[in-house]
Amino acid sequence: MSQNNSSTTAEHRESDQLITTDPGRGGLDDRDGHGGRQPRECVIESKDLDVFYGDTQALQSVSLEIPKNRVTAMIGPSGCGKSTFLRCINRMNDLVDVARIDGDLYFGETNVYESDVDPVALRRRIGMVFQHPNPFPKSIYDNVAYGLRIQGKTESLDEAVERSLKRAALWDEVKDQLDASALNLSGGQQQRLCIARAIAADPQVLLMDEPASALDPIATSKIEDLIEELAQDYTVVIVTHNMQQAARISDKTAVFLTGGELVEFDDTNTIFEDPEHDRVEDYITGKFG
Ligand code: ADP
């Protein structure tokens with residue numbers, strides 16, 4: 001898959017902000033075009049990524065490049081490693097004691113598994129939305145303001161909350177009840193609130209693990225519309241078990257099959273209309289999976 005090779009200064013700064021200790025930078029600075037890694041439009045790149053949970057291998061040598069400001073979908077049968085891949089991107093698998101990761105995963109020019117990368121800072125730049133909406137038992141306002149307060153960014157908090165709720169297509173529904181409990185919102189509203197909470201931290205990437213699978217069709221449709229809109233400003237990576245959803249909203253699709261193998265990664269139209277591999281065609285057409 002070829003990508004345009006253009007990366008902004010801002011993206012370089014993104015990566016730099018993740019380094020918390022003086023890295024000596026050898027490995028990073030070597031990737032500047034002098035025989036090293038080239039800047040490019042891809043935001044996330046995995047190279048030969050293996051993941052094990054104890055003796056179980058969940059991902060096998062996965063290499064792929066996720067393009068900037070696009071929706072990339074991960075599809076495949078249950079247990080094939082989709083969520084594992086997503087959780088590698090912002091090091092959520094660090095929280096799983098038995099998880100072991102080999103290979104490289106780059107965010108911009110930074111290998112996120114370098115020891116000098118701060119996972120908390122990384123997760124601010126790479127936000128995550130889960131299958132079941134998980135608002136805090138606080139007000140709508142406090143949910144969105146939560147991360148900013150922790151970071152001490154309390155200046156213009158009202159504006160930041162409003163901006164995030166607008167970006168998550170929730171403002172009009174909640175602007176008159178910002179002090180009400182987030183737990184009183186509907187499931188679809190709660191999920192959009194979680195998206196607003198992630199957006200408030202000013203991420204570059206949004207990871208979504210089956211974000212609509214617990215929602216009714218109308219709420220699902222709103223989330224799908226929102227995801228397509230968000231891709232104007234954010235790089236979205238979504239795991240979905242719903243192939244029609246992947247076909248509707250994604251630009252790129254990665255097909256994982258049993259054993260954590262990435263079998264095919266291409267434009268979504270190609271995956272659904274003319275896949276290269278028979279196994280992918282069989283999966284897409286429902287012959288197995
Ligand atoms: P998918 O998202 O495609 O359903 P997962 O990434 O959740 O697949 O799981 C891939 C494999 O890794 C499965 O065999 C699953 O049982 C295993 N696995 C996932 N999470 C853990 C964990 N925390 N501990 C042990 N095994 C896990």
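Author: We will look at a strand and its neighbours, and then turn to the surroundings of the ligand. Please keep in mind that this is a predicted model.

Reader: Is strand E3 mostly covered or mostly open?

Author: Strand E3, which spans residues 71-75, is mostly covered, since five of its five residues are buried.

Reader: Which way do the residues of E3 point?

Author: The general idea is that side chains in a regular strand alternate between the two faces of the sheet. In this structure Val71, Ala73 and Ile75 point one way from E3, while Thr72 and Met74 point the other way, and all of them are buried.

Reader: Which strands are joined to E3 by bridges?

Author: On the one hand, E3 is joined by four bridges to strand E8, residues 235-239, and these two run parallel; here alanine 73 has isoleucine 238 of E8 as its bridge partner. On the other hand, four bridges also link E3 with strand E9, residues 252-257, again in parallel, and isoleucine 75 has valine 255 of E9 as its bridge partner.

Reader: How many residues surround the ligand, and which are the closest?

Author: The ligand is surrounded by 13 residues, of which the closest are Tyr53, Ala58, Lys82, Ser83 and Thr84. Strand E2 (56-67) and helix H3 (82-89) are the elements that give two or more residues to this shell, and the largest share, three residues, comes from H3.

Reader: What kinds of residue make up the shell around the ligand?

Author: The shell around the ligand divides into seven polar residues, five nonpolar ones and one charged residue.

Technical notes. Residues are numbered from 1 along each chain as its sequence is written. This is a predicted model: local features need pLDDT of at least 70, side-chain atom pairs count only at pLDDT 80 or more; totals for chains, interfaces and linings use all residues. A residue is buried if 20 or more other C-beta atoms lie within 10 Å of its own, exposed if 12 or fewer, and partly exposed in between; C-beta atoms are placed from the backbone. Two strands pair if DSSP finds at least two bridges between them. A residue is near a molecule or strand if its C-beta atom, placed from the backbone, lies within 6 Å of it. Ala, Val, Leu, Ile, Met, Phe, Trp, Tyr, Cys and Pro count as nonpolar, Asp, Glu, Lys and Arg as charged, and the others, Gly among them, as polar.
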